[in-house]
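Visitor: I would like to learn how to read a few features of a protein model. Please show me one at a time.

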Amino acid sequence: MLRGHPEGPDQVRGEPGTVRGEPMATLELDGTSLTAEQVLRVARQRDLGVVLAPAARQALDRCRDFIDRAWMHDEAPMMYSFNTGVGLLKDTRVKVEHIGLFQGQMIKAHAAGLGEPFPEDACRAIMLLRANALASNHSAASPELLERLLAFLEAGIHPVMPRKGSVGASGDLAPLAYLAAALAGFAEAEAFHRGRRMPVAEALQAAGLPVAFELKAKEASALINGSTASLGVAVLAAWDARSLLLDACVSLALTLEAMRADLAAFDDRIHQARPHRGQLRTARIVRRLLEGSTRTSHEARAVQLPEELRRTDQPYTPRIQDVYSLRCAPQVYGPVFDALDYIDGILATELNSATDNPLVFPAGADFEILSGGNFHGQYLAQAMDLLALAVADLGSICERRIARLIDPTLSWGLPRNLMSGIRGVNTGYTVVQCSMSALVMENRTLCTPGSVDSIPAKGNSEDHVSNSTWCARKAAMVVENAQSIVGTEMLLASQGLTMTEAFLPGFHLGRGTGAAYGEVRRRVPACLEGDRWFHDDLAAAREFVTTGAVRAAAEAEVGRLA
């Protein structure tokens with residue numbers, strides 16, 4: 001539940017709890033109503049404060065009282081991870097006098113991660129999602145533990161959590177153990193705070209928070225159980241993919257303008273004859289972007305550009321139809337839209353799910369504890385494999401259009417390599433296209449499914465695992481690569497448009513494409529005086545997508561594309 005007034009995505013933080021000096025909106029965490037947009041605001045925009053909902057706090061207190069009363073004595077029945085060891089040690093009782101020691105030792109034993117840490121936005125998403133799962137009151141966590149998590153978010157303390165080491169079953173145990181170590185104030189734990197990596201104790205002292213924090217029975221297990229690292233990465237990747245797909249509609253529309261394409265393939269009647277939602281949606285978005293274009297008219301196509309391979313002694317023969325990367329774009333983009341709808345549905349459920357084990361449920365005046373397998377990340381793993389597959393193919397079709405843009409035999413006469421300056425001395429954009437093909441090949445390899453790659457772990461007590469963390473991580477890499485590909489298509493299509501303006505006087509771009517083209521040119525001047533340091537152009541092109549600036553310019557003219 002939100003309290004206060006949400007701010008826009010460009011807000012700047014002032015003092016803690018403020019945005020530009022004004023009180024920020026507050027999210028009351030209850031374990032049942034968190035949305036992907038709220039996760040993005042907390043993870044990236046940082047314009048949304050988070051507190052524990054009062055009703056959730058009361059429920060957590062009641063459950064915790066029951067645990068202390070019913071289970072914190074050595075005559076209590078054995079219950080997994082409350083008063084027993086874990087894994088194959090599930091039949092070994094842990095005495096009450098050792099419960100506190102058990103929490104710390106469990107964290108140390110599971111802190112076996114490897115590789116670079118998760119970036120700060122993923123770390124923030126993971127902390128929020130773990131807090132929300134605990135707020136559902138199925139893990140017997142204390143309100144104090146949740147408030148410790150939320151204090152880390154508020155203070156900008158981001159535990160160092162290695163990305164590698166989880167198999168996505170029994171939770172993301174290895175990375176989440178580092179989160180638990182940071183919350184408990186372990187001397188070994190590290191965090192990023194105010195741009196520096198430091199011991200977590202130093203970060204806590206700088207933020208004015210206590211260093212030590214005592215975990216109660218079951219709380220170490222509650223923190224590390226559940227595929228929350230997978231989910232944090234997945235939510236960010238899926239959000240970015242949704243934005244990327246709309247940007248790819250803009251890059252497609254710019255290429256259609258640059259190549260003076262035939263827009264008959266986007267006629268609504270064609271798509272009503274095969275009425276997949278995503279296909280219909282793609283064609284509708286492209287029509288809106290190109291509304292008013294005369295550059296895509298029959299008359300514009302009749303103009304012969306200098307490098308167009310057309311006999312001047314023959315009358316102009318109209319193009320019969322365009323190539324697949326232009327004409328079939330709705331049929332290729334459509335499945336991506338539909339896949340993202342499915343993935344968003346999976347994530348929406350996961351956002352408000354209890355993924356611990358065992359789980360605690362109200363039973364009359366008390367509670368019942370049940371063992372199950374909600375920690376298993378197969379839903380996430382398969383969804384992220386699908387995300388990687390869909391976005392990789394999106395990048396592939398965009399790269400094929402990039403390849404056409406630099407070849408006058410395939411672009412109906414755009415300058416070779418989109419090159420300027422002295423011919424031969426200057427090369428143009430050929431290696432830029434080559435770099436995009438490298439990203440496509442990398443994405444194809446990253447599409448190898450990880451969700452079917454199960455290796456038993458922990459003495460075969462985990463005899464089937466999901467590999468969800470790797471699936472989410474590689475999907476995020478695919479999206480990152482595709483962002484560069486889509487931005488580069490915008491860049492090269494705009495270069496082609498600029499270089500042919502003089503040959504097509506009187507023809508103009510559509511409302512949306514004209515605005516998008518103007519924003520590209522505002523950010524990156526056309527390359528008209530010979531080769532330059534294209535590295536900078538590529539960095540700017542990726543920012544077309546990561547900032548959403550080019551799409552926003554188009555939407556200012558034609559309305560939201562979503």
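Guide: This is a predicted model. Start with a definition: a charge sits over a ring if NZ of Lys or CZ of Arg is within 6 Å of the ring centre and within 35 degrees of the ring normal.

Visitor: Which charged end sits over the ring of Trp 412?

Guide: That of Arg 319, at 3.9 Å from the ring centre. Another case is Lys 108, whose charged end lies over the ring of Phe 186, 5.9 Å from the centre.

Visitor: How many aromatic pairs does a search of the whole structure find?

Guide: The search gives 3 aromatic pairs. A pair of aromatic rings is described by the distance of the centres and the angle of the planes. For Phe 66 and Phe 367 the centres are 5.5 Å apart and the planes are at 45 degrees, so this pair is tilted.

Visitor: Where do Phe 66 and Phe 367 lie?

Guide: Phe 66 is in helix H2 (residues 54-71) and Phe 367 is in strand S12 (residues 366-370), so the pair ties together parts that are 301 residues apart in sequence.

Visitor: Are Phe 66 and Phe 367 buried or exposed?

Guide: Both Phe 66 and Phe 367 are buried.

Visitor: In which sense do strands S11 and S12 pair?

Guide: Strand S11 (residues 359-363) pairs with S12 in the antiparallel sense, over 5 bridges. Within this pairing, Phe 361 stands opposite Glu 368 of S12. The two strands form a hairpin with 2 residues between them. In the turn, Gly 364 has a positive phi of about 65 degrees.

How values were computed. Residues are numbered from 1 along each chain as its sequence is written. This is a predicted model: local features need pLDDT of at least 70, side-chain atom pairs count only at pLDDT 80 or more; totals for chains, interfaces and linings use all residues. Side-chain values use heavy atoms; hydrogens and water are left out. Rings of Phe, Tyr and Trp (its six-membered ring) pair if their centres lie within 6.5 Å; planes under 30 degrees apart count as stacked, over 60 as edge-to-face and the rest as tilted. Helices (H or I, at least four residues) and strands (E, at least two) are DSSP runs, numbered from the N terminus. Buried means under 20% relative accessible area, exposed over 50%, partly exposed in between (1.4 Å probe, protein chains only). Two strands pair if DSSP finds at least two bridges between them.
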